[in-house]
Amino acid sequence: MARRRRFSSGRSRFRRRGGETLPLKVLAVAIVLVVLAGLGGLFLFVNQRAAALASLDSETLCPKAGPVSQFDVLIDRTGTLTEIQGEALKRQILAWADAVPKHGAFKVYEVGHSGTDGGGAMLQPVVAVCNPGDGSDKSSLDSKPQMWRQCYEEKFTAPIQYMLARMRLNEEQNQSPIMEGVQAIAVKDFGPDAPKGPKSLMVVSDLLQNQGGFSLYKAVPEIDAFWPTPYAGSLRVNLTGIHVELYMLHRLKAAVKQTDALGKFWIDWLERQGAEVDAFKSVPG
């Protein structure tokens, strides 16, 4: 009987040892699976992030397939801006930039400081970026919001702030090729390869065109009299589908020239070329 008790006791100890090893094996397998899943998730995240960045231009952050919308600003810098006008303009530009949709393009051009002088040179933007998104629509599970926020600040916000910081308020030019600026932007950004989405142009100017022997300082013609002239013919461009807003900069020295007739002339000129003029406003100051 004693031997049977010893044998029975040995079997019990064996079973306890075997029973303990099974949970340990299950735990080890679970740990391995968790580690593999984590590595797989990390690999997927890195690949997704690389693919997302690879689909964007490294300088402008515009999609390589093209932006979804186009928003351009033409600033007439051929006359002096007052401090109030400069501050109002800075705030307005930042508001426009903030309203650009994700993957939409935003460009700022300056008449008289960055390209065309009316002699055929092509206007070049002082700011040309796309909104990459600030990461607010990204999930921390499958993306990295802070990475997109950094891209947004470095590539979108910073160039705009730099342009605003270097704007000089005390420079004047003898010529004002504003219409040439509109034409150049239409050719560059609103041509056949323009985005299918919304297209907008903001013109900030005193609207006193003075170029090529034609000057609105002298008189404001009726559009029917201006339209057939060779100069008007050289300025024509297709603005169909472009939403335009005019922002007048008041000039103390030329206040008597900035009449309702001047505003009407510009609206007529733009609409004759297919533009949709949505607003005519004044810049404070």
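In this report, helices (H or I, at least four residues) and strands (E, at least two) are DSSP runs, numbered from the N terminus. The model is predicted, so local features need pLDDT of at least 70 and side-chain atom pairs count only at pLDDT 80 or more, while totals for chains, interfaces and linings use all residues. Residues are numbered from 1 along each chain as its sequence is written, and side-chain values use heavy atoms, with hydrogens and water left out.

## Residues with positive phi

Leu-207 belongs to the loop between S4 and strand S5 (210-211). Its phi is near 65 degrees, a positive value in a residue other than glycine. Most residues other than glycine have a negative phi. Leu-207 has a relative accessible area of 0% and is therefore buried; here buried means under 20% relative accessible area, exposed over 50%, and partly exposed in between, with a 1.4 Å probe and protein chains only.

His-103 is likewise not a glycine and has a positive phi of about 70 degrees. This residue is placed in the loop between helix H2 (83-98) and S2. With a relative accessible area of 23%, His-103 is partly exposed.

Helix H3 (residues 145-165) contains 21 residues and reaches 28 Å from its first C-alpha to its last, close to the 30 Å expected at 1.5 Å a residue. The expected span is 1.5 Å times one less than the number of residues in the helix. At Thr-157 in H3, shortly before the proline Pro-159, there is a kink of about 40 degrees. The bend at a residue is the angle between axes fitted to the seven residues ending there and the seven starting there. The buried residues of H3 include Met-147, Trp-148, Phe-156 and Leu-164. Cys-151 also counts as buried, at 16% relative accessibility.

H4 has 12 residues and reaches 16 Å from its first C-alpha to its last, close to the 16 Å expected at 1.5 Å a residue. Because 10 of its 12 residues are buried, H4 is largely enclosed by the rest of the structure. Among the buried residues of H4 are Ile-178, Glu-180, Gln-183 and Asp-189.

## The disulfide

A disulfide is a covalent bond between the sulfur atoms of two cysteines. In the search used here, a disulfide is a pair of cysteine sulfur atoms within 2.5 Å. The search of the whole structure finds 1 disulfide, which joins Cys-62 to Cys-130 with an S to S distance of 2.0 Å. Cys-62 lies in the loop between helix H1 (2-54) and strand S1 (70-76) and Cys-130 in strand S3, so the pair ties together parts that are 68 residues apart in sequence. The torsion about the S-S bond of Cys-62 and Cys-130 is about 90 degrees, and the disulfide is therefore right-handed. Both Cys-62 and Cys-130 are buried.

## Loop residues and their partners in space

Pro-198 is in the loop between H4 and strand S4 (199-205), and Gly-191 is in the loop between H4 and S4. Asn-170 is found in the loop between H3 and H4. At 58% relative accessibility, Pro-198 counts as exposed. Asn-170, at 63%, counts as exposed, whereas Gly-191, at 21%, counts as partly exposed. The table gives a partner for each of these residues.

| Pair | Separation along the chain | C-alpha to C-alpha distance |
|---|---|---|
| Pro-198 and Gly-241 | 43 residues | 8.4 Å |
| Gly-191 and Leu-239 | 48 residues | 8.8 Å |
| Asn-170 and Leu-81 | 89 residues | 6.7 Å |

## Pockets

Rolling a probe the size of a water molecule over the atoms shows where empty space is left. On a 1 Å grid over the protein atoms alone, with a 1.4 Å probe, a pocket is an open set of points with protein on both sides within 12 Å along at least five of seven lines, and lining residues have an atom within 4 Å of a point. Grid points are joined across faces, edges and corners, and a volume is the space filled by probe spheres set on the points.

The largest pocket holds about 370 Å³ of space. It is lined by 18 residues, of which Gly-79, Thr-80, Glu-172, Arg-251 and Lys-253 are the closest to its centre. By class, this lining has 3 nonpolar, 11 polar and 4 charged residues. Ala, Val, Leu, Ile, Met, Phe, Trp, Tyr, Cys and Pro count as nonpolar, Asp, Glu, Lys and Arg as charged, and the others, Gly among them, as polar.

The second largest pocket has a volume of about 240 Å³. Of its 14 lining residues, the closest to its centre are Pro-67, Gln-70, Lys-107, Asp-189 and Pro-195. Strand S2 (105-111), strand S3 (127-130) and helix H4 (178-189) are the elements that give two or more residues to this lining. The lining of the second largest pocket has 7 nonpolar, 3 polar and 4 charged residues.
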